[in-house]
Amino acid sequence: MNQRVTLDTPAIEARPFQVFTHRQLDKIAPLEKLPESVRFEIQVVSQVLPFRVNTYVIDELIDWDRAPEDPVFQLIFPQKGMLHPEDYEALAGLIRDQAAAETIKSCVSAIRARMNPHPAGQKDLNLPLLDGQPLAGMQHKYQETVLFFPSQGQVCHSYCTFCFRWAQFIGDKDLKFAANEADNLHRYLAEHTEVTDLLLTGGDPMVMKAKHLRMYLEGLLKPELAHVRNLRIGSKSLTFWPYRFVTDEDSQEILQLFRELVAAGKHVAFMAHFNHWQEMDTPVCREAIRRIRATGAEIRTQAPLLRHINDDADQWAKMWQMQVQLGMIPYYLFVERDTGAQHYFEVPLVRCWEIYRDAMKQVPGLCRTARGPSMSAEPGKVEIQGVTEIKGEKVFVLRFIQGRNPDWVQRPFFARYDDQATWLHQLKPAFDEPAFFFDAELQAMKMKKQALIAASS
Ligand SMILES: *Cc1c(COP(=O)(O)O)cnc(C)c1O
């Protein structure tokens, strides 16, 4: 580890925020050094998967000498393998032949539709109801936590190729979760005193102006929302735009808002998404971390484990150690979800567990707060605790970290060992049991929710 930890403020020069999308690929200078074939592949795949990158990421985070294998390059730039070969060939053919825009568009839509844009029953099963009407822009899956998608926070400073929310960024209105009003949020929370946690997510809420962020968060200080004690902000801005907290025009207002929330007794948890230690290895990122922490907010870290980016135990060990050194708290290691380019990034569950275990073995207890590998699946967050043998049968030992029914939490259960499985729905109950213990109840919950939604419309 070579990072310098210091209490002085390094001089950080402001930088204008400049982004490139798939229409400006030819403006990204370092791409010119890559073979023409690689650039063509990026052009093809970025028709399907959202692509957006800014100059900080290009100049400071990507090791261009190692592209295309560089992990941050893989995290940003669409790759040929992210589409299934027949889809890639069909679309590449149309682009090579300069087919009509309409033809390309319908090919792209068909490919997207096959990429499971909305996994884990998010679209209706998690939908909260206010005055009997479904509330777009929110999800309420676990009793104590509400997810809110502020409408001004529906982009990110860059996009990740593996994002499980990719469908929100391709302009498909039907799939957007954005809410327009802070008012609905506050009313819903006031009616739900079981909610202790609000998780602001997106997109990235930190793309919002300070005044918009304040609009959503300040209202939580009202006495009728005293039960909402913990405010989490899910963000990749420490990776993609740490200037947000250092030199942006309203960065002081952001920090001031955090200070006020903390002073009012709220726990402010900045949930930072880091996939690779390379993302934290710049002076401006360190300075942003220092400033956020100085407000009294905590920074917790989470990320999925991904082939081509971070499927390596030493990388995780190094990343968690750097995070703890910088004052952040490792929180979750996720399994890549069953959506988008999953086939490119997925790692068998057994391998995820081995990597997690091999990383854990190398680090002190302060780093071992990262739970996982965890699948955010339809019934809940399911953790792979390990592989063992029970009475001659090789099994996965699993447990719920979170469940749609809180009573499922922390109950061990067993699945038949499968060295290929990459997601919960591929697992079968062990010991020839007909179903997992939660299956019947989950089915009943789904029926009930569908009936409620049907009744409201
Ligand atoms: C992970 C998650 C949460 C938060 O769960 P914690 O265990 O409290 O971190 C809340 N809602 C949804 C939909 C989630 O996936």
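**Ligand, pocket and cavity**

Reader: Which residue has a polar side-chain atom 2.7 Å from an oxygen atom of the ligand?
Author: The model is predicted. In it, the residue with a polar side-chain atom 2.7 Å from a ligand oxygen is Y332.

Reader: At what distance does a polar side-chain atom of Q402 lie from an oxygen atom of the ligand?
Author: A polar contact is a pair of N or O atoms within 3.5 Å. An N or O atom in the side chain of K381 is 2.8 Å from an oxygen atom of the ligand. For a polar side-chain atom of Q402, the distance to a ligand oxygen is 3.1 Å.

Reader: What percentage of the area that the ligand exposes when taken alone does the protein bury?
Author: Taken alone, the ligand exposes 380 Å². The share of this area that the protein buries is 89%.

Reader: Which strands each supply at least two residues of the shell around the ligand?
Author: The residues surrounding the ligand are K141, Y142, T145, L147, R232, Y331, Y332, K381 and Q402. By class, this shell has four nonpolar, two polar and three charged residues. The strands that each supply at least two of the shell residues are β5 (138-142), β6 (145-148) and β11 (329-335).

Reader: What is the volume of the largest pocket?
Author: The ligand sits in the largest pocket. The volume of this pocket is about 980 Å³.

Reader: Which residues lie nearest the centre of the largest pocket?
Author: The lining of the largest pocket divides into 21 nonpolar, 15 polar and 10 charged residues. Of the 46 residues that line this pocket, those nearest its centre are F164, R165, Q302, F334 and R337.

Reader: Which elements give two or more residues to the lining of the largest cavity?
Author: The structure holds one cavity of 30 Å³ or more. The largest cavity has a volume of about 40 Å³, and F274, T301, Q302, A303, W316, M319, W320, Q323 and Y332 line it. The elements that give two or more residues to this lining are β10 and α11 (313-325).

Reader: How many residues of the lining of the largest cavity come from α11?
Author: The lining of the largest cavity has six nonpolar, three polar and no charged residues. The largest share of this lining comes from α11, and the number of residues is four.

Terms used
Residues are numbered from 1 along each chain as its sequence is written. This is a predicted model: local features need pLDDT of at least 70, side-chain atom pairs count only at pLDDT 80 or more; totals for chains, interfaces and linings use all residues. Side-chain values use heavy atoms; hydrogens and water are left out. A residue is near a molecule or strand if one of its heavy atoms lies within 4 Å of it. A polar contact is a pair of N or O atoms within 3.5 Å; within protein, one must be able to donate a hydrogen and the other to accept it, and residues adjacent in sequence count only if both atoms are side-chain atoms. Accessible areas come from the Shrake-Rupley method with a 1.4 Å probe; for residues, only the protein chains shown count as cover. On a 1 Å grid over the protein atoms alone, a cavity is a set of points where a 1.4 Å probe fits but cannot get out, and a pocket is an open set with protein on both sides within 12 Å along at least five of seven lines; lining residues have an atom within 4 Å of a point. A molecule sits in a cavity or pocket if more than half of its atoms lie within 2 Å of its grid points. Ala, Val, Leu, Ile, Met, Phe, Trp, Tyr, Cys and Pro count as nonpolar, Asp, Glu, Lys and Arg as charged, and the others, Gly among them, as polar. Grid points are joined across faces, edges and corners, and a volume is the space filled by probe spheres set on the points.
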